Amino acid sequence: MTTTAPVQRKAPRPRADALRNRERIVTAAREMFVEFGPYVPLDEVARRAGVGNATVYRNFPDRDALVREVVCQVMDRTAQAARQALAETGDAFEALERFVHVSADERVAALCPMISSTFDVNHPDLEASRVRVEQLIDQLMERARQAGQLREDVGPGDLMVAVAQLSRPPAGTGCPNGDRFVHRHLQLFLDGLRAPAPSDLPGTPVTLEDLRQA
């Protein structure tokens with residue numbers, strides 16, 4: 001008697017409505033994490049997304065999984081903005097400016113603290129997103145430096161600290177109220193990055209590794 005090997009079945013593709021629900025959850029979580037921090041109740045996330053609590057937990061078994069997905073998506077969109085700036089913008093400093101303003105719109109400043117405060121920073125998904133973003137920041141800054149447009153005494157860490165500080169709303173104001181000032185103040189900072197430098201900065205250029213070790 002012969003036996004037939006079991007047929008390998010492909011995993012069913014998620015339905016379109018399931019994918020839409022997942023994206024609505026991530027979008028709602030991103031908005032609420034920015035507004036209230038990473039410990040916002042998940043039932044509030046479900047309410048804003050317009051789905052049931054069970055749908056949230058079916059997609060994300062715990063808070064860490066949801067936070068990680070939000071942060072990775074933000075970092076991936078930021079990386080895509082950097083790639084587009086490199087490919088589409090002929091002026092090296094303009095490409096750097098474009099990246100900085102998009103980073104602020106993505107709220108990198110508000111989301112990055114979650115990486116160190118809520119879950120494993122060495123998770124493979126997060127690590128892959130981080131490496132992509134850091135490589136692209138290096139490319140943007142080096143291209144502007146080679147063009148003679150970026151001062152020599154700044155590093156990627158200097159850039160991202162400034163983006164983090166300047167895209168946070170001031171104490172006592174909500175995100176929507178602070179938004180109208182963010183890009184104005186970022187542009188003031190970016191103008192200070194242009195070469196030639198009008199003054200010497202104390203210390204040495206800050207790398208992203210310096211920030212992780214701080």
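User: Leaving aside its neighbours within four places in sequence, which residues is Glu106 in contact with?

Analyst: This is a predicted model, so keep that in mind throughout. In it, Glu106 makes contact with Arg30, Val74, Arg77, Thr78 and Leu111, once neighbours within four places in sequence are set aside. Glu106 itself sits in the loop between helix 5 and helix 6.

User: Why is Glu106 called buried?

Analyst: Its relative accessible area is 12%.

User: What makes helix 7 roughly perpendicular to helix 8?

Analyst: The axes of helix 7 (residues 124-146) and helix 8 (residues 156-166) cross at roughly 105° and come within 10 Å. Angles from 65 to 115 degrees count as roughly perpendicular, so the pair gets that description. On the helix 7 side, Ile137, Asp138 and Met141 make the contact, and helix 8 brings Pro156, Leu159 and Met160. By class, that contact has five nonpolar residues, one charged and no polar.

User: Why are helix 1 and helix 4 called roughly perpendicular too?

Analyst: They pack at an angle of about 85°, with axes 9 Å apart. The range for the term is 65 to 115 degrees, and helix 1 and helix 4 are therefore roughly perpendicular to each other. Residues making this contact include Arg22, Glu23 and Ile25 of helix 1, and Leu66, Val67 and Glu69 of helix 4. Sorted by class, it has eight nonpolar, one polar and five charged residues.

User: Which residues touch the most other members of the largest nonpolar core?

Analyst: Those are Val45, Leu66 and Leu159, in a core of 53 residues. Helix 4 gives the largest share of this core, with 12 residues. Among the others supplying at least two residues each are helix 1 (16-36), helix 2 (42-49) and helix 9 (175-193). As general background, nonpolar side chains tend to be buried together in soluble globular proteins.

User: How many helices and strands does the chain have?

Analyst: There are 10 helices and zero strands. Read from the N terminus, the order is α-α-α-α-α-α-α-α-α-α.

User: What share of the chain counts as buried, and what about its surface?

Analyst: Of the 214 residues, 41% count as buried. The accessible surface of the chain is about 12,500 Å², and carbon and sulfur atoms hold 53% of that.

User: What share of the contacts with a separation of 6 or more comes from residues 24 or more positions apart?

Analyst: Those residues account for 75% of such contacts in the chain.

Definitions and conventions
Residues are numbered from 1 along each chain as its sequence is written. This is a predicted model: local features need pLDDT of at least 70, side-chain atom pairs count only at pLDDT 80 or more; totals for chains, interfaces and linings use all residues. Side-chain values use heavy atoms; hydrogens and water are left out. Axes are lines fitted to C-alpha atoms, for helices over the stretch in contact, and angles run from 0 to 180 degrees between N-to-C directions. Helices (H or I, at least four residues) and strands (E, at least two) are DSSP runs, numbered from the N terminus. Angles under 35 degrees count as roughly parallel, over 145 as roughly antiparallel, 65 to 115 as roughly perpendicular and the rest as oblique. Contact means heavy atoms within 4.5 Å. Ala, Val, Leu, Ile, Met, Phe, Trp, Tyr, Cys and Pro count as nonpolar, Asp, Glu, Lys and Arg as charged, and the others, Gly among them, as polar. Buried means under 20% relative accessible area, exposed over 50%, partly exposed in between (1.4 Å probe, protein chains only). Accessible areas come from the Shrake-Rupley method with a 1.4 Å probe; for residues, only the protein chains shown count as cover. A nonpolar core is a set of buried Ala, Val, Leu, Ile, Met, Phe, Trp, Tyr and Cys residues joined through side-chain atoms within 4.5 Å.
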